[in-house]
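Student: Could you walk me through the pockets, the core and the chain contact in this one? I'll ask as we go.

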Amino acid sequence: MNVEAVKAIYLFEMARTRRTLLQSVVSPVISTSLYFIVFGAAVGSRIQEIDGVSYGAFITPGLIMLTLLTQCIGNGSFGIYFPKFTGTIYEILSSPISMTEIVLGYVGAAATKGMLVGLIILATASLFVDLSIAHPFVMLVFFVLTAVTFSLFGFLIGIWAKDFEQLNLIPMLVIPPLVFLGGSFYSVSMLPPFWQAVSHANPVLYLISGFRWSFFEISEVSPLVSFGIIIGFLAVLMGVLVWIFRTGYRLRN
Amino acid sequence: MAPIVSVSNLVKTYGSGFQALKGVSLDIAEGEILALLGPNGAGKTTLISIICGIVNPSSGTVLVNGHDVVKDFRATRSIIGLVPQELTTDQFETVWNTVSFSRGLHGKKANPAHIEKVLRDLSLWDKKDNMLRELSGGMKRRVLIAKALSHEPRILFLDEPTAGVDVNLRKDMWKVVQALREDGVTIILTTHYIEEAEEIADRVGVINGGEILLIEEKSALMKTLGRKQLRIELAEPVTALPPGLEPYQLKLEDGGGRLIYDYDASGGRTGITTLLAAVAESGLRIKDISTRQSTLEDIFVELVEKRA
């Protein structure tokens with residue numbers, strides 16, 4: 001295990017976060033505050049409570065998930081795509097590091113950044129609404145698992161992408177509708193039966209539902225199902241990763 | 001002594017079907033400086049990329065210090081330093097950080113004293129806190145060399161190190177190369193300038209179309225290059241050489257209209273004076289005289305034609 005190399009990549013990526021502090025940290029905080037103002041104040045004054053939870057508190061887990069998903073995918077994909085784009089990837093590829101170590105460095109840093117921003121959002125949210133976390137440990141498990149899984153997802157997108165258009169395709173076009181339609185801002189049970197069924201095909205619904213359960217013990221589906229879905233997605237990504245290691249896909253060919 | 005790099009039957013076919021290497025075999029001795037010459041697209045960079053682990057070979061093996069570059073990549077890559085052809089740098093990093101980063105990637109603990117020495121040797125010390133985007137092209141090239149030396153490699157690859165580089169940097173670079181050679185570092189450089197090979201290499205390899213056409217000690221190659229030709233254009237063509245000219249081993253060309261005399265320009269006596277006297281004596285009338293030196297290009301053409 002080349003610990004020095006993992007450290008080097010991890011710290012290098014974290015240093016970029018420091019350089020781009022405004023963009024990395026301040027902007028998600030501002031946009032989340034806007035969500036609270038618009039949804040919490042404007043919409044919340046009409047909805048008031050869902051399943052016995054105030055509307056502002058209800059949307060908090062969804063907002064954290066929205067941030068976590070976009071941040072982790074963004075960080076994970078950019079971290080590996082950028083050296084590919086500038087050509088500095090030659091150095092990573094000619095260093096005595098295994099693919100596992102490359103992934104540890106990049107995905108570790110992407111997940112760390114995503115979680116930092118997620119925690120800041122949680123802190124920001126607590127300024128607007130009363131929050132209590134019923135199962136802190138379960139909450140942490142969902143939080144870390146989601147961060148790692150989606151950072152890895154981002155990493156794979158970064159390897160696959162040939163240009164910035166492809167790089168942004170999934171984070172910009174696929175993730176936001178999934179998150180918005182996955183029950184971030186409402187309970188899916190409020191929808192007509194047909195749209196409820198459609199919503200259940202959305203994997204992000206399960207993430208948000210499980211995460212929300214750890215806060216308020218209310219959920220659309222059993223938290224165990226949510227857990228299973230994340231683990232399943234992580235397993236699929238690992239499978240793709242192993243295939244990339246074996247073939248050198250878009251890295252060593 | 002076992003070679004430090006041993007390439008055998010290396011083939012690389014890219015996804016597009018382009019065959020960049022067609023069965024290259026090559027041994028590199030520890031401590032030597034090998035120059036690989038070849039036109040653009042000859043396969044130089046692909047060869048280096050495979051040895052360094054950037055590109056997977058299609059078939060064939062490469063051993064570095066006795067280890068396979070694919071199976072045992074940690075052992076091979078940790079002793080190799082690579083200076084790539086393209087000026088690829090992280091624009092927003094400082095010189096010091098990017099060079100230290102390279103050392104970390106190679107699994108070595110931080111060693112500020114060594115980094116400082118490398119930066120000073122390359123006249124980069126006063127730029128250590130500058131961001132890379134603030135540096136000129138020549139300075140960036142120095143940074144790439146510093147990165148490659150950050151982990152004290154035993155083998156250094158310089159891919160087209162002097163493309164677009166000014167005289168000062170070239171001199172500095174050869175000084176560094178000389179110092180590394182005294183430390184026993186093996187150096188492989190690619191270039192398409194013969195002068196560069198002349199200046200520093202021990203051996204010269206010529207690569208074209210994915211094949212090694214020739215690999216020779218520089219001194220032997222210089223002998224070939226040192227050969228010159230004297231071409232004598234005759235006013236009237238002859239069918240056979242007149243008597244008296246036999247000792248010069250002349251060739252007749254152009255239907256008897258031209259005499260070709262090969263001589264060694266590096267030798268003290270070229271024999272030109274006596275030849276010209278002999279030609280005048282034989283009654284031939286000279287229309288024009290020219291000399292030409294065989295160039296690397298001639299060697300290429302000759303080698304390629306021989307294969308065809």
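Student: Starting with the second largest pocket, how do the residues of its lining divide into nonpolar, polar and charged?
Tutor: In this predicted model, the lining of the second largest pocket divides into 10 nonpolar, seven polar and five charged residues, where Ala, Val, Leu, Ile, Met, Phe, Trp, Tyr, Cys and Pro count as nonpolar, Asp, Glu, Lys and Arg as charged, and the others, Gly among them, as polar. A pocket here is an open set of points on a 1 Å grid over the protein atoms alone, where a 1.4 Å probe fits, with protein on both sides within 12 Å along at least five of seven lines, and lining residues have an atom within 4 Å of a point.

Student: And which element gives the largest share of that lining?
Tutor: That is α1(B), which supplies four residues to the lining of the second largest pocket; helices are DSSP runs of H or I, at least four residues, numbered from the N terminus.

Student: What about the largest pocket, what volume does it have?
Tutor: Its volume is about 1100 Å³, taken as the space filled by probe spheres set on the points, with grid points joined across faces, edges and corners. The largest pocket is lined by 41 residues, and A:Q23, A:Q71, A:G74, A:N75 and A:F78 lie nearest its centre. α3(A) provides the largest share of this lining, 12 residues.

Student: Switching to the core, which residues touch the most other members?
Tutor: Within the largest nonpolar core, which has 143 residues, they are A:F155 and B:L47. Such a core is a set of buried Ala, Val, Leu, Ile, Met, Phe, Trp, Tyr and Cys residues joined through side-chain atoms within 4.5 Å, and buried means under 20% relative accessible area with a 1.4 Å probe, protein chains only.

Student: How many residues does each chain bring to the contact?
Tutor: Chain B brings 28 and chain A brings 26, with contact meaning heavy atoms within 4.5 Å.

Student: Any caveats on numbering or confidence?
Tutor: Residues are numbered from 1 along each chain as its sequence is written, while chains are lettered from A and ligands numbered from 1 in the order in which they are written. Local features need pLDDT of at least 70 and side-chain atom pairs count only at pLDDT 80 or more, whereas totals for chains, interfaces and linings use all residues, and side-chain values use heavy atoms, with hydrogens and water left out.

Technical notes: Buried means under 20% relative accessible area, exposed over 50%, partly exposed in between (1.4 Å probe, protein chains only). Helices (H or I, at least four residues) and strands (E, at least two) are DSSP runs, numbered from the N terminus.
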